[in-house]
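Hi everyone, thanks for making time this morning. Let me put the structure up, and then I'll walk you through a few spots.

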Amino acid sequence: PAMRTLQRFQSNNRSRLSAGSFGTVPAGGGGAFLGLGEHSSRAPSVRSLAESGHQLAEPRAMEMYNGHGALLGHHAGGFDDIDLPSAVKYLIASDPNLQVLGAAYLQHKCYSDSSAKKQARSLQAMPKLVKLFNSPNQEVQRHATGAMRNLIYDNAENKLALVEENGIYELMRTLREPDDELRKNVTGILWNLSSSDNLKDRLARDTLEQLTDLVLVPLSGLGGSGVIQQNPSEAEIFYNSTGFLRNLSSASQQTRQKMRECHGLVDSMIHYVNSSLEVGKSEDKSVENAVCVLRNLSYRLYDEMPPSSLQRLEGHRRNAGGTVTGELVGCFSPQSKKAREHYLNADIVTFTEVSKDPKGMEWLWNPQIVGIYNRLLQRCELNKHTTEAASGALQNITAGDRRWAGVLSRLALEQERILNPVLDRVRTADHHQLRSLTGLIRNLSCHARNKDEMSTKVVSHLIEKLPGSVGDKAPPADVIVNIIAVLNNLVVESPMAARDIVYFDGLRKLFFIKKRRDSSDNEKSSRAAASLLGNMWQYTKLHRDFKMKGFRKEDFLSL
């Protein structure tokens, strides 16, 4: 380059410029799994900072410049007499100053220019940058990883090229460096890589153990004093790392298993969430990521957990004759008082077996975790992704007819008194939250011992969410089906549930849903409503109330 450009850059570089320390707010999670997709954090270009740095929401935006805001325009202007081919050539120069200049230009040029990313890949910038990840020169390392962070952002081809150039191995080597700026870039790269579904299994295989040892355990507070002690840079490193795990945990069964089995990973997530709750930081974005990881690792838990653990949880199912007795007679069958007392005693015995000192994946089904999720539902007021993840995790561990799903359901209802915080959320929930909340209530209604008591608490809240006419704002069909399933679970054992449905104007809404069959989704909710109405007709004492509302036997029993 022209000597003045190099001199200008070297002068500016002395301020320890590293443009990888912040980014925009990442997109929220969604779907059955709470992954985050592409992490929106890039290493900002110098010019972008000069133009819009004052608008960036994060308070650390200018820290990396040590107050030297005047450097920005000067630095950005210094790139005007360099082009992309020259910058890529500088990456293999013997002078580390030229390597820094080349990497910094790539970082700047590829911040928002997709054609520059493609051109850089065709010029073989990817393997050259990977070789600089572990340069003996710290500035070269910082700028090489900053450039790579921008090159792979929203670019699947560049992500794959990085992995194929042995990039994951080199990144994990770089993560061992005691330099926070560098570690922010490395963990940001990992998060961005994890948004590609085809890379998740490989990333899990090649990174989990080292990332847990180097970042998760020490920064969660698990490895030292037990208290979270993070400076702002370490907080970002931990945030990037939990975002990475959040994406990985939404991958395959194989990756979920690897994450559950990774020594220290689940413990770090639990410890961080617990410690954050204790100091009033339930809204923290890393808490959100950690709870999403726990939710995803709870998915299909009873089908995927070690057989020996499942056998212990499914104990107490054999009677004196040696035959298996299902703890639940079924959602639609009443249980005798004697049977309930027997099952309660069985719950208590197993409860003491598993709650002593959970380690690793044992946390995922340990009774203590119900209390953690309950506290999140009660204390997290603003971050709806965290509360959705907490209710989704509870939904996962209470789902199905396994004995332990019943044990945890009754623990949630009877000891944690979880219905009130859950119903508080239902009142103001959006559609995403309603899916997990109503799914959880559906599980609880199936396993609840006292259906009458549950009916008095939930029926009015759930009826309120159902549409009753064409103009009504209706939740998604799967939420409607969940609500009707809850009502059905309660009605078959509780006349009070049937009475309350009538009292809170539920009949009108159920008949509206039953008649609405104009789509496949509405067909499902229509069938569910028909089943519930058929069960309600069995309560002969309510027939007079039904007729007063204008409904006849044929209305209830017709399909």
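Let's start at Arg 300, which is partly exposed because its relative accessible area is 39%, between the 20% and 50% cut-offs. Please keep in mind that this is a predicted model. Arg 300 is found in the loop between α16 and α17. Its backbone is worth a look too: Arg 300 has a positive phi of about 55°, although it is not a glycine.

In that loop you'll also find Tyr 299, between α16 (285–298) and α17 (301–304). Tyr 299 has 32% relative accessibility, so it counts as partly exposed. And which residue has its C-alpha atom 7.6 Å from that of Tyr 299? That is Ala 393, 94 residues apart from Tyr 299 along the chain.

Now for another positive phi. Arg 417 has one of about 50°, and again it is not a glycine. You'll find Arg 417 in the loop between α22 (403–415) and α23. Is Arg 417 buried or exposed? Exposed, because its relative accessibility is 51% and the cut-off is over 50%.

Helix α23 covers residues 419–428 and helix α24 covers residues 431–447. They pack at an angle of about 145°, and their axes are 10 Å apart. The crossing of α23 past α24 is left-handed. On the α23 side, the residues involved are Val 422, Leu 423, Arg 425 and Val 426. They meet Leu 434, Leu 437, Leu 440 and Ile 441 in α24.

Next, a lysine. Lys 451 is in helix α25, which spans residues 451–465. Its relative accessibility is 5%, so Lys 451 counts as buried. What lies 3.4 Å from a polar atom of the Lys 451 side chain? The backbone oxygen of Ser 445 does.

Let's move on to the nonpolar core. The largest one has 145 residues, and Leu 162, Leu 245, Leu 265 and Met 536 touch the most other members. Take Met 536: leaving aside neighbours within four places in sequence, its contacts include Val 491, Ile 501, Leu 510, Phe 546 and Phe 556.

Finally, let's zoom out. The chain has 31 helices and 0 strands. Of its 559 residues, 59% count as buried. Among contacts between residues at least 6 apart in sequence, 75% join residues at least 24 apart. The chain exposes about 23700 Å², with carbon and sulfur atoms supplying 49% of that.

Notes
Residues numbered from 1 in each chain as written. Predicted model: local features only at pLDDT ≥ 70, side-chain atom pairs only at ≥ 80, totals over all residues. Heavy atoms only, no water. Core = buried A, V, L, I, M, F, W, Y, C linked by side-chain atoms within 4.5 Å. Buried < 20%, exposed > 50% of the residue type's maximum accessible area, 1.4 Å probe, protein only. Contact = heavy atoms within 4.5 Å. Helix = DSSP H or I, 4+ residues; strand = E, 2+ residues; numbered from the N terminus. Polar contact = N/O pair within 3.5 Å; in protein donor to acceptor, adjacent residues only side chain to side chain. Areas by Shrake-Rupley, 256 points an atom, 1.4 Å probe, with all protein chains shown as cover. Axes fitted to C-alpha atoms, helices over the stretch in contact; angles between N-to-C directions. Left-handed = near helix turned anticlockwise from the far one by under 90°.
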